[in-house]
Amino acid sequence: MSLLLSAPRVSAAMLLLAVYGVGCAWLWWRHRQALSAEAGRLAAEGAQAGALLLLHASQTGQAQALAEETARRLRAAGRAVRLMPLGKVEAGTLAQARQALIIASTTGEGDAPDSALPFVSGCMQAQEPPSLAGLQTAVLALGDRRYQAFCAFGLSLAQWLRSRGAQPLFETLQVDCGDARVIDQWWRQLAEVLQDPLHEAPAAKAPASTTRWVLQERRCLNPGSQGAPLHLLRFVAEAAPGQALPLWQAGDLVQVFPPDDAQRPRSYSIASLPADGALELLVRERRDEQGALGAASAWLCQRLEVGQALDMRLQAHEGFRQSGNEERALILIGNGTGLAGLRAHLKRRAEQWRAGRTAAPVWLLHGERQARHDTHFDDELQTWHREGLLAHVDRVYSRDLPGRHVQQQLQDEWQRLREWLARGAAIYVCGSLQGMGQAVDRLLREQLGEAGLQALIASGRYRRDVY
């Protein structure tokens with residue numbers, strides 16, 4: 001049988017491809033038109049007199065996601081809502097509002113999220129702070145009880161609002177690690193004080209956002225290391241025939257619901273891209289003072305069997321994506337499992353690099369314990385280095401050179417960092433808050449000055465995923 005196609009068949013095939021291409025373009029145009037129309041509708045709604053002001057201060061995207069869901073429920077109940085990041089709110093906007101709901105995360109040792117710092121300096125720390133008499137407010141504070149300053153920023157924000165004359169609609173609610181019971185209480189109390197049946201609205205129930213994932217592989221990356229075992233977990237999505245696979249971007253997170261503590265989901269940085277065909281995580285075994293494994297790490301690192309499925313929810317992390325920095329050089333700084341988030345950014349930049357969409361290089365600084373046992377993903381990194389994508393790779397091993405950490409390496413390379421920043425580079429930090437994250441932040445503030453660092457934050461050139 002001949003494998004050659006006749007001219008009529010070739011023409012027919014080309015025609016079908018052309019029709020398919022036109023159809024895809026039309027569907028894309030319709031989708032863009034629908035998004036544009038919806039954005040215009042929401043903007044007009046937010047501009048209405050008396051629109052409820054709904055603000056979010058988010059570090060990992062959780063506060064923003066909750067604010068968006070709250071806005072959806074309010075709109076389903078017929079409320080006009082103006083949804084904004086807290087960091088973009090000016091004093092006049094807040095003073096003119098009649099009601100304001102604020103969902104605020106806490107980062108570091110009781111600090112405001114990076115995205116909210118303009119509000120802190122421009123309003124909360126202003127020499128002449130605004131009068132908010134006549135404003136009704138409610139605050140949902142997000143935090144983690146493992147930290148001493150639990151929900152500290154949300155609580156200080158609520159106190160500041162009261163000091164400026166605002167009247168609380170109800171007492172500030174504190175959420176520990178996304179506790180669903182407290183979040184449900186938030187919606188119930190809003191429904192009561194606003195006299196809107198939010199929990200009964202036809203569209204109030206959130207669509208199922210979890211996906212069933214099957215563990216395809218689990219591999220310990222550091223046998224023999226002085227550090228706790230570190231596992232690479234590879235999951236594939238369970239999708240029904242014809243169902244689209246879930247998508248995410250470099251910098252995004254995934255929430256895991258451990259069976260022993262399903263009310264408190266844990267967030268993990270995703271180490272892969274959809275193009276890899278799997279969702280990959282780096283998970284280190286965590287033990288408490290008594291030596292017991294944590295609920296999440298015990299489940300993921302030991303109890304979950306290969307071939308077994310679990311529900312996970314993708315979590316967009318707008319503040320750690322490359323949006324706005326696609327053409328910039330990147331300085332990626334991290335330690336330990338923070339390599340997961342940095343690896344996703346490297347994979348994304350490699351896609352852009354090979355497609356000729358950017359020539360901006362990347363500089364990676366990563367800290368671990370021992371070169372003999374903790375040189376993770378070295379083949380990938382060496383390939384990217386040979387290709388020119390990775391201009392510099394600085395791997396620091398604290399047990400090989402006691403006392404040597406990423407922050408010391410960064411300080412020694414400060415002149416290079418200044419040169420990269422002068423050319424417009426963006427800094428991404430991923431890993432532990434205690435030690436590395438705080439030390440890098442402190443070094444940047446010392447060297448650049450508070451104003452210099454604030455300028456980087458405002459321009460989206462300093463982004464963090466620290467925990």
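This is a predicted model: local features need pLDDT of at least 70, side-chain atom pairs count only at pLDDT 80 or more; totals for chains, interfaces and linings use all residues.
Biologist: Why does His-345 count as buried?

Modeller: A residue is called buried under 20% relative accessible area. His-345 has 1% relative accessibility, so the residue counts as buried.

Biologist: Which residues does His-345 touch, leaving aside those up to four places away in sequence?

Modeller: The contacts of His-345 are Ala-250, Gly-251, Phe-320, Arg-321, Gln-322, Leu-332 and Tyr-428.

Biologist: And what does helix α8 pack on?

Modeller: A sheet! Five strands form an open sheet with parallel pairing, in the order β15-β14-β13-β16-β17. Helix α8 (residues 339-354) packs on the sheet and touches β13, β14 (362-368), β15 and β16. The direction of α8 makes about 155° with that of β13.

Biologist: What makes β15 and β17 the edge strands?

Modeller: Each of the two, β15 (390-397) and β17 (462-466), pairs on one side only. Going from one strand of the sheet to the next, the twist averages 10°.

Biologist: How do you know that β13 and β16 are paired?

Modeller: Two strands pair if at least two bridges are found between them. Strand β13 (residues 330-335) and strand β16 (residues 426-431) run parallel and are joined by five bridges, so they meet that cut-off. To find the place, look at Gly-334, which stands opposite Cys-430 in β16.

Biologist: Where does helix α9 lie?

Modeller: Helix α9 (residues 378-387) lies across β14 and β15, running at about 145° to β15.

Biologist: How do the axes of α8 and α9 cross?

Modeller: They come within 12 Å and cross at roughly 35°. Is the crossing of α8 and α9 left-handed or right-handed? It is left-handed. On the α8 side, Arg-343, Leu-346, Lys-347, Ala-350, Trp-353 and Arg-354 take part, meeting Glu-380, Leu-381, Thr-383, Trp-384 and Glu-387 in α9.

Biologist: Let's move to another strand. What makes both faces of β9 covered?

Modeller: In a regular strand, side chains alternate between the two faces of the sheet. In β9 (residues 253-256), Leu-253 and Gln-255 are on one side, Val-254 and Val-256 on the other, and all are buried.

Biologist: In which sense does β9 pair with β10, and in which with β12?

Modeller: β9 pairs with β10 (residues 266-269) in the antiparallel sense over four bridges. With β12 (residues 309-315), β9 also has four bridges in the antiparallel sense. Val-254 stands opposite Tyr-268 in β10, and Leu-253 faces Gln-315 in β12.

Biologist: Which residues have the most contacts inside the largest nonpolar core?

Modeller: They are Leu-94, Phe-153, Leu-157, Ile-331 and Ile-333, in a core of 52 residues. Helix α12 (residues 433-458) gives the largest share of this core, eight residues. Apart from it lies another core of 25 residues, including Leu-54 and Ile-183.

Biologist: And how many helices and strands does the protein have?

Modeller: There are twelve helices and 17 strands. Of the 467 residues, 49% count as buried. Among contacts between residues at least 6 apart in sequence, 76% join residues at least 24 apart.

Definitions and conventions
Residues are numbered from 1 along each chain as its sequence is written. Side-chain values use heavy atoms; hydrogens and water are left out. Buried means under 20% relative accessible area, exposed over 50%, partly exposed in between (1.4 Å probe, protein chains only). Contact means heavy atoms within 4.5 Å. A nonpolar core is a set of buried Ala, Val, Leu, Ile, Met, Phe, Trp, Tyr and Cys residues joined through side-chain atoms within 4.5 Å. Axes are lines fitted to C-alpha atoms, for helices over the stretch in contact, and angles run from 0 to 180 degrees between N-to-C directions. A crossing is left-handed if the near helix is turned anticlockwise from the far one by less than a right angle, and right-handed if clockwise.
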